[in-house]
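Here is a short report on one chain. It covers fold, packing, salt bridges and backbone.

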Amino acid sequence: GAGFKYLLLNFNHERFVISAGTCRASRICYSESLKYSMRRKTFGKPIAEHQMVRFKLAEMLRLIEALHDNNERVAFQYKSGVPDAALGA
């Protein structure tokens, strides 16, 4: 009957927990990348001062912030009592 549906609905909770952990790991990776780019020097200046490296760091942070925003929205939906089938919509 409906066992497969219940299985898929339970995956929503697991996906959220995995996403929250991934968001934290991404923030740590970004922090370490930023520290490294400030410490490492090429052509007499830190690589963080090179335009392409700055762009890549900014893009990385943009994606991390988008993930964090999505996690916040889903958490709010959980707390507000939105049915599992409608989460993320």
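Contact here means heavy atoms within 4.5 Å. By that criterion, the buried residues of α2 pack against α1. The model is a predicted one.

**Confidence**

The chain has a mean pLDDT of 90. Of its residues, 98% reach 70 or more. Among the elements, helix α2 (residues 51-80) has the highest mean pLDDT, 95. Helix α1 (residues 3-39) has the lowest, 89.

**Overall form**

The secondary structure consists of two helices and two strands. Along the sequence they follow the pattern α-β-β-α. The strands are β1 (41-42) and β2 (45-46), with a loop between them.

How does the radius of gyration compare with that of a compact globule of 89 residues? The globule would come near 12 Å, but the chain has 19 Å. The box around the C-alpha atoms, taken along the principal axes, is roughly 65 × 20 × 15 Å.

Buried residues account for 15% of the 89 in the chain. The accessible surface comes to about 6,800 Å². Carbon and sulfur atoms hold 63% of that surface. Take the contacts between residues at least 6 apart in sequence: 55% of them join residues at least 24 apart.

Helix α2 has 30 residues, which at 1.5 Å a residue should span 44 Å. Its end C-alpha atoms are 43 Å apart, so the span agrees with expectation.

Which residues of α2 are buried? They are Leu57, Ile64, Asn71, Val74 and Gln77. Their packing partner is α1.

Asn71 shows this packing in detail. This residue lies in helix α2. Its relative accessible area is 9%, and buried means under 20%, so Asn71 counts as buried. Leaving aside residues up to four places away in sequence, Asn71 touches Phe16, Ser19, Ala20 and Cys23. Phe16 is 55 residues from Asn71 along the chain, yet their C-alpha atoms are separated by 7.2 Å.

**Salt bridges**

Side chains of opposite charge can pair when their charged atoms come close. A search of the whole structure finds four salt bridges.

| Pair | Closest N and O atoms | Placement |
|---|---|---|
| Glu32 and Lys35 | 3.3 Å | both in helix α1, three residues apart |
| Arg62 and Glu59 | 2.6 Å | both in helix α2, three residues apart |

Are its two partners buried, exposed or partly exposed? Glu65 is partly exposed, at 36% relative accessible area. Arg27 is also partly exposed, at 26%.

Glu32 and Lys35 are about one turn apart in helix α1. Arg62 and Glu59 lie three residues apart in helix α2, so about one helical turn separates them.

Their accessibility can be read residue by residue. Glu32 is partly exposed, with a relative accessible area of 44%. Lys35 is partly exposed too, at 45%. Glu59, at 29%, counts as partly exposed.

**Backbone points**

Most residues other than glycine have a negative phi. Which residue has a positive phi although it is not a glycine? Phe43 does, at about 55 degrees. Phe43 sits in the loop between β1 and β2. Its relative accessible area is 82%, and exposed means over 50%, so Phe43 is exposed.

**In brief**

Two helices and two strands make up the secondary structure. The buried residues of α2 pack against α1.

Key: Residues numbered from 1 in each chain as written. Predicted model: local features only at pLDDT ≥ 70, side-chain atom pairs only at ≥ 80, totals over all residues. Heavy atoms only, no water. pLDDT = per-residue confidence, 0-100. Helix = DSSP H or I, 4+ residues; strand = E, 2+ residues; numbered from the N terminus. Expected span 1.5 Å × (residues − 1). Buried < 20%, exposed > 50% of the residue type's maximum accessible area, 1.4 Å probe, protein only. Salt bridge = Lys/Arg side-chain N within 4 Å of Asp/Glu carboxyl O. Rg over C-alpha atoms; globule rule 2.2 N^0.38 Å. Areas by Shrake-Rupley, 256 points an atom, 1.4 Å probe, with all protein chains shown as cover.
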